[in-house]
Amino acid sequence: MSKKILIIEDHDAIRANVVEILEMALYTVFQAENGKIGVDMALKNIPDIILCDIMMPELDGYGVLYMLNKHVETSGIPFIFLTAKAEHADLRKGMELGADDYLIKPFDDMELLNAIDIRLRKKAMAEHSHKTNSEEFKVLVSKTDGLAEFNKIIEGRKSREFKKNQVIYYEDDHGKGLYLITQGRVKTIKLAQDGRELMTGMYSEGDYIGINAVLSGSTYADTATTIEDSLLCLIPTEQMESVFSLYPEVARKFIHLLSRDNREKEDQLLQLAYHSVRKKMAGTLVKLHSKDMKNNFFTITREDLAAMACMATETVSRTLSDFKDEKLIERTGSRITLLDLNGLSKMKN
């Protein structure tokens, strides 16, 4: 069965040329002359990949991507922008919204076909990886029917690829559902009125984010961003509510996870309010270690460490240098190795 491609382009000649090339390559092609029609066609036909111009009447390319990301069935479709603009700010805006690639006009036939082939192969690999790895991180393994049913839901959902530093959801966005991290790392942050970031959590493979929004039926309480290239599986709110209704033990499990997360945030607030700089940094390093018990090292930028410990970046550098001199840690670039975990644990208490 041939792959389905949707091309959204307001320039008739360009659209016709792209359609001709794709049909010659044996793809099934749908075409739309503006963004609004494109969104409707995407929801109706669920293509395997979308090519979309940026500058269009009715609804521009950024608006198309934003609208499609709001629908579970289209949010994971590979999305390639077609643009005559190559400004860094434009590229960054598209990537932050979730675009997978850019083709700068004019492009030749092979550029177009290679970009499509790469994205389709990456999507197939991600789906295969999720299926292969699903057995390795059944976070809620249990013999009870409810948790077994929830595991089946996880196995049946496709993971979506998020690039490094890509926003998964913003604070106050309507909660679309619960995210399970199947690969990579994610941070959650809140912004102060002066623009400073406070990191409220760091999560890795097997962790869930967005629990609060799902349980309370509210908006997301913070902004979630990937720290590295990651794969996440979205379980829609409607599906979660159905499972909670049928199987109370699943709801109890997530209430327990939420309570533990809130307890960590309470401890973090206490630490930020009363602990010294050294205690705050020691506590932050121990907490990061607890997220990955397999290793005594982790990679984190100075800015993220400052946001997590609620310290100035200069203070972070100075404190890490002190810890290095005291043989508590070793630091190479953004990689930190804990040499004396017991010493750091005693210091934070």
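I am working with a predicted model, where local features need pLDDT of at least 70, side-chain atom pairs count only at pLDDT 80 or more, and totals for chains, interfaces and linings use all residues. Residues are numbered from 1 along each chain as its sequence is written, and side-chain values use heavy atoms, with hydrogens and water left out.

**Rings**

I looked up aromatic pairs: rings of Phe, Tyr and Trp (its six-membered ring) with centres within 6.5 Å, stacked if the planes are under 30 degrees apart, edge-to-face if over 60, tilted for the rest. The count is 5. Phenylalanine 79 and phenylalanine 81 have centres 5.1 Å apart and planes at 75°, so I noted them as edge-to-face. Both phenylalanine 79 and phenylalanine 81 are buried (under 20% relative accessible area; exposed is over 50%, partly exposed in between; 1.4 Å probe, protein chains only). Tyrosine 169 and tyrosine 220 are stacked, at 3.7 Å centre to centre and 15° between the planes. What does this pair tie together? Tyrosine 169 is in strand E7 and tyrosine 220 in the loop between helix H7 and strand E12, so the pair ties parts 51 residues apart in sequence. Helices (H or I, at least four residues) and strands (E, at least two) are DSSP runs, numbered from the N terminus. Tyrosine 169 is buried at 4% relative accessibility, and tyrosine 220 is buried at 2%.

**Helix H11**

I checked residues 302-309 next: 6 of the 8 residues in H11 are buried. Among them are Asp304 and Met308. Just after H11, cysteine 310 takes a positive phi of about 55°.

**Helix H1**

Glutamate 23 sits in helix H1. I found glutamate 23 partly exposed, at 45% relative accessible area.
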